Every structure is written in C-alpha cells, then in structure tokens.
Amino acid sequence: MNTPAAIINSIGLIFLLTVCTALQASEYKPIADAHLHYNVDQAEITDTEDALKQLNDNNVLFAVISSKPPELALELVEAAGGWIIPFYMPYLEPDRKRDWYFDQRVLPSAREALASGRFKGLGEIHLIVGYAPSLNEPQAVIDGLLELAKEFNVPINIHAEASSHLYFQPLCQRHPDVKIQWAHAGSPLPPQKVAALMRACPNVWADLSARDHMRYGQMYPIIDERGDLLPEWYKFVIEFQDRIMIGSDPSYLEGESSWEMANTGWNHVSEVLAFHRRWIDGLPATIQSKIALDNARSFFGSAAEKAIQARKSLIND
C-alpha cells in the first residue's frame with residue numbers, strides 16, 4: 001500500500017513537469033514570494049543576476065529575503081532596484097543556528113539594523129524543540145527580538161518547530177501586537193494543529209514555504225497525487241484564507257550533500273513555485289489571488305507597496 005509520502009515522491013516529478021509545461025504556454029499570474037534566502041553557501045553558485053532571473057521568470061511581483069550574513073540580502077536588494085524587501089537575520093555566526101538565542105550580541109545588532117532603515121523586518125529565526133529553550137516563560141533574547149519588532153513596527157519571521165503547536169503558543173500570545181510570519185506553517189504539524197495555533201494567536205500568519213514535495217512534503221504532504229490540496233489542508237486554507245502566504249525558500253542540498261557544501265536551492269525556484277501555483281489554481285477564484293499575492297501585500301504593508309511601485313517602475317522603463 002502506497003503511503004502519502006511515496007505517492008508524492010513517485011508522481012511529484014511527473015505532475016510538476018506537466019504544470020511547468022502548461023505554465024510556459026501561458027502567462028504567469030503575479031505572485032509574492034514571502035520567504036527567500038540568499039546565504040553565503042547559495043551565493044557561491046548563484047550570483048545576484050541569476051537569482052533575480054529566477055524571480056523575474058516566475059513573475060514574482062515582490063519578494064522578502066533574509067541572509068547569512070545579512071549583508072548578502074542587501075546585495076540582492078540593490079541589484080534588484082528596490083522590489084525586494086530585506087529582513088535582518090540575527091545569526092552573527094552562521095553555525096550558531098541552534099544556539100543563537102544565547103548570543104548577547106543579537107539584540108544590539110538587531111536594533112542597529114532596524115534603526116538604519118535598511119532592513120524592514122526580523123528573521124528568519126529558528127526555534128526548534130531539542131535545541132531551543134522552553135517558551136513558557138520570557139527568554140531575554142527571543143522575547144527581546146519581538147519587543148524590537150513592536151518598537152520598530154516591523155514583522156518577524158519565526159521558524160517554530162515542535163510536535164505540538166503548544167510550544168509556540170505562549171510566545172505569540174505574549175506579543176499580540178507583533179505581526180508574526182510562521183515559517184512553513186509549523187513544518188511537520190498537521191493542519192488541525194496549525195489551525196489551533198492560528199486561532200489562539202490572531203497575529204500569526206502562516207507561510208507554506210518548504211511544504212513542497214522536496215522538503216517537508218516528502219513526509220508530511222499537503223497535496224494529493226493530482227497536485228490538489230488534501231481535504232484537511234483545503235479546509236485549513238479556506239478558514240485562514242486571509243492569513244496564508246507562499247514562498248520558495250530556496251534552500252536545498254542535492255543527493256548526499258552535506259550542510260557544509262554549496263546550496264543549490266535557487267536552481268529549484270521555478271519548480272517550487274510551480275508546486276504552489278498548482279494547488280492555488282484548485283482554490284475558488286476569489287481566494288487564489290489572496291494566497292498568491294494579496295495576503296503578503298497586506299502583511300508586509302508599506303514595505304510591500306514601495307516594492308511593488310519600484311517593480312512597476314522598472315517594468316515601465
């Protein structure tokens with residue numbers, strides 16, 4: 001008997017090739033990519049010109065990016081001419097992903113980054129059970145970042161990953177005035193638990209990046225063999241249609257590659273965005289634009305509007 005993951009693996013390539021072929025024959029609808037990175041291990045093999053071509057080819061109207069080190073995000077922003085929104089990723093040492101919240105330099109560096117006006121948000125930050133501390137009580141660095149987000153009126157992208165939504169819930173409830181982007185919609189969580197968190201925290205918006213066939217979708221699929229949302233995921237998207245975004249999150253390691261090797265994620269941006277376009281096309285017409293573009297536009301606010309204006313100006317020129 002085929003498992004959901006086996007089904008996704010066996011038919012994923014076939015259906016994605018079909019989708020890509022169909023999309024090549026028609027005009028892409030504009031979308032927002034709410035979750036991008038341009039890290040040093042990606043920049044080794046994908047220069048800014050190639051990265052921007054991937055986004056242009058997919059009619060990405062505006063995008064949000066964070067990088068390790070943060071300066072790489074600014075390089076891509078400058079090369080784009082203003083239609084990419086940079087977030088500050090407070091990992092002062094790339095290998096401190098698992099313990100960055102003990103680094104006392106994080107808050108001063110994040111404050112300086114936001115005060116400079118160059119960065120329009122914070123994150124992605126990772127809180128993964130097994131490494132991250134309990135969130136039942138305030139944590140100086142973690143909660144401090146959310147307080148900075150409120151002070152500067154910017155959103156924060158949080159990768160909170162656990163077997164239960166209850167791990168993340170105390171943090172988002174302590175900061176009800178902060179706009180939180182929940183990376184990967186809880187990663188391994190089923191839609192019922194994702195929904196429970198979003199009901200408990202109206203300030204949380206979910207992005208479905210990395211829920212594709214190449215990453216979390218291998219073990220925890222959101223689509224069936226036709227590329228349509230599974231029933232419980234469809235129900236989730238309908239309920240939270242105003243608080244869901246997509247992103248390509250171009251982070252991928254080929255075969256037996258290790259995390260120390262160059263990351264080829266940008267080579268798969270078109271494939272991942274085709275994955276999302278397919279299930280979005282299966283939604284009611286009134287909801288499709290919300291998920292693809294409008295929700296991100298609302299969530300990122302004035303930064304998104306400025307990015308869109310810059311994008312349109314470049315197109316008109």
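User: Which strands each supply at least two residues of the lining of the largest cavity?
Analyst: Strands S1 (31–37), S2 (60–66) and S4 (122–128) do. Keep in mind that this is a predicted model.

User: Which one gives the largest share?
Analyst: S1, with four residues of the lining.

User: How do they divide into nonpolar, polar and charged?
Analyst: Six are polar, five are nonpolar and one is charged.

User: How much space lies in that cavity?
Analyst: About 60 Å³.

User: And how many cavities of 30 Å³ or more does a search of the whole structure find?
Analyst: One.

User: Switching to helices. At what angle do H3 and H4 cross?
Analyst: Roughly 65°. H3 covers residues 48–57 and H4 covers residues 70–80. Their axes come within 10 Å.

User: What does that make H3 relative to H4?
Analyst: Roughly perpendicular, because angles of 65 to 115 degrees count as such.

User: Left-handed or right-handed crossing?
Analyst: The crossing of H3 and H4 is right-handed.

User: Which residues make the contact?
Analyst: On H3, Thr 48, Ala 51 and Leu 52. On H4, Glu 75, Leu 76, Ala 79 and Ala 80.

How values were computed:
Residues numbered from 1 in each chain as written. Predicted model: local features only at pLDDT ≥ 70, side-chain atom pairs only at ≥ 80, totals over all residues. Heavy atoms only, no water. Axes fitted to C-alpha atoms, helices over the stretch in contact; angles between N-to-C directions. Parallel < 35°, antiparallel > 145°, perpendicular 65-115°, else oblique. Left-handed = near helix turned anticlockwise from the far one by under 90°. Contact = heavy atoms within 4.5 Å. 1 Å grid on protein atoms, 1.4 Å probe; cavity = no way out; pocket = protein on both sides within 12 Å on 5 of 7 lines; lining within 4 Å. Points joined across faces, edges and corners; volume = space filled by probe spheres on them. Nonpolar A, V, L, I, M, F, W, Y, C, P; charged D, E, K, R; others polar.
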